[in-house]
Amino acid sequence: MSLTVMADTREYPRLREFVDRACQQAECSPGQRTRVQLVLEEIFSNTVKYGRRGAVPASVTISVGFGGDDPMTVHYEDDAPQHDAFDQAEQDEELKLSITKRRIGGLGILLVRELGKNVNYSWSDGKNRITFSVAAETPWPRRPDRR
């Protein structure tokens, strides 16, 4: 199942409806549905805000696959200029700075990493591609075992 929309704030209702249908088909729990919704809305909002900076909106395609070890795998792609917001080295450096010295943004990507499973970014055929899976029910936020 897939959805193609323009990166425009008016598309949020269609995005939410798509997530609801996909999660229903994957038999996701309410917690899983919430995580998928938050992750997709964060990625989509980044495409809307930064994808083309007010020029013609980027095209976004979201598709989902079912089965395997996880209830659902989500594939997100847009044709905005290349931007790897998931560069771990850059994120690590940013987190070392005091809050007053950090650049605006970036915390949403940390949310995506925390809520998604196996988050992966790639650039191919002129498209940003992000893939993540929805884990079997897990507590959130994930915390290291502190025994």
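## A walk through the predicted fold

The backbone nitrogen of Ser 29 sits 2.6 Å from a polar atom in the side chain of Gln 32. Gln 32 belongs to helix 2. With a relative accessibility of 5%, Gln 32 counts as buried.

Now step back to the whole chain. The protein chain holds four helices and five strands. Along the sequence they run β-α-α-β-β-α-α-β-β. The chain has 147 residues, and 36% of them are buried. Take the contacts with a separation of 6 or more: 64% of them join residues 24 or more positions apart.

Helix 1 covers residues 12-25 and helix 2 covers residues 30-50. How do these two helices meet? Their axes come within 10 Å and cross at roughly 145°. The crossing of helix 1 past helix 2 is right-handed. On the helix 1 side, the contact is made by Tyr 12, Leu 15, Arg 16, Val 19, Asp 20, Cys 23 and Gln 24. Helix 2 answers with Arg 33, Val 36, Gln 37, Leu 40, Glu 41, Phe 44 and Ser 45. By type, the residues of this contact split into seven nonpolar, three polar and four charged.

Between the two helices runs a loop, and Glu 27 is in it. The phi of Glu 27 is positive, near 55°, in a residue other than glycine. Is Glu 27 buried or exposed? Glu 27 counts as exposed because its relative accessibility is 70%. Asn 118 also has a positive phi, about 55°, and is not a glycine. Asn 118 is found in strand 4, which spans residues 117-124. At 54% relative accessibility, Asn 118 counts as exposed.

Cys 23 is buried, since its relative accessible area is 1%. Cys 28 is buried too, with a relative accessibility of 11%. Which cysteine sulfur is closest to that of Cys 23? It is the sulfur of Cys 28, at 3.8 Å. The cut-off for the sulfur pair is 2.5 Å. At 3.8 Å, the sulfurs of Cys 23 and Cys 28 are too far apart for a bond. By this rule the count of disulfides is zero.

Further along helix 2 comes Thr 47. Thr 47 is buried, because its relative accessibility is 6%. What does the side chain of Thr 47 make a polar contact with? Its partner is the side chain of Asp 78, at 2.9 Å. Set aside the neighbours within four places in sequence, and Thr 47 is in contact with Ala 7, Arg 52, Ala 58, Val 60, Tyr 76 and Asp 78. Strand 2 runs over 59-66 and strand 3 over 72-78. Asp 78, the polar partner of Thr 47, thus falls at the end of the range given for strand 3.

The loop between strand 2 and strand 3 contains Pro 71. Pro 71 is partly exposed, with a relative accessible area of 22%.

Helix 4, residues 107-115, brings in Val 112. Val 112 is buried, with a relative accessibility of 1%. Which residues does Val 112 touch? Not counting residues up to four places away in sequence, they are Val 39, Glu 42, Ile 43, Phe 86 and Val 119. Val 112 and Phe 86 are 26 residues apart in sequence, and their C-alpha atoms are 9.4 Å apart in space.

Terms used:
Residues numbered from 1 in each chain as written. Predicted model: local features only at pLDDT ≥ 70, side-chain atom pairs only at ≥ 80, totals over all residues. Heavy atoms only, no water. Axes fitted to C-alpha atoms, helices over the stretch in contact; angles between N-to-C directions. Left-handed = near helix turned anticlockwise from the far one by under 90°. Contact = heavy atoms within 4.5 Å. Nonpolar A, V, L, I, M, F, W, Y, C, P; charged D, E, K, R; others polar. Buried < 20%, exposed > 50% of the residue type's maximum accessible area, 1.4 Å probe, protein only. Polar contact = N/O pair within 3.5 Å; in protein donor to acceptor, adjacent residues only side chain to side chain.
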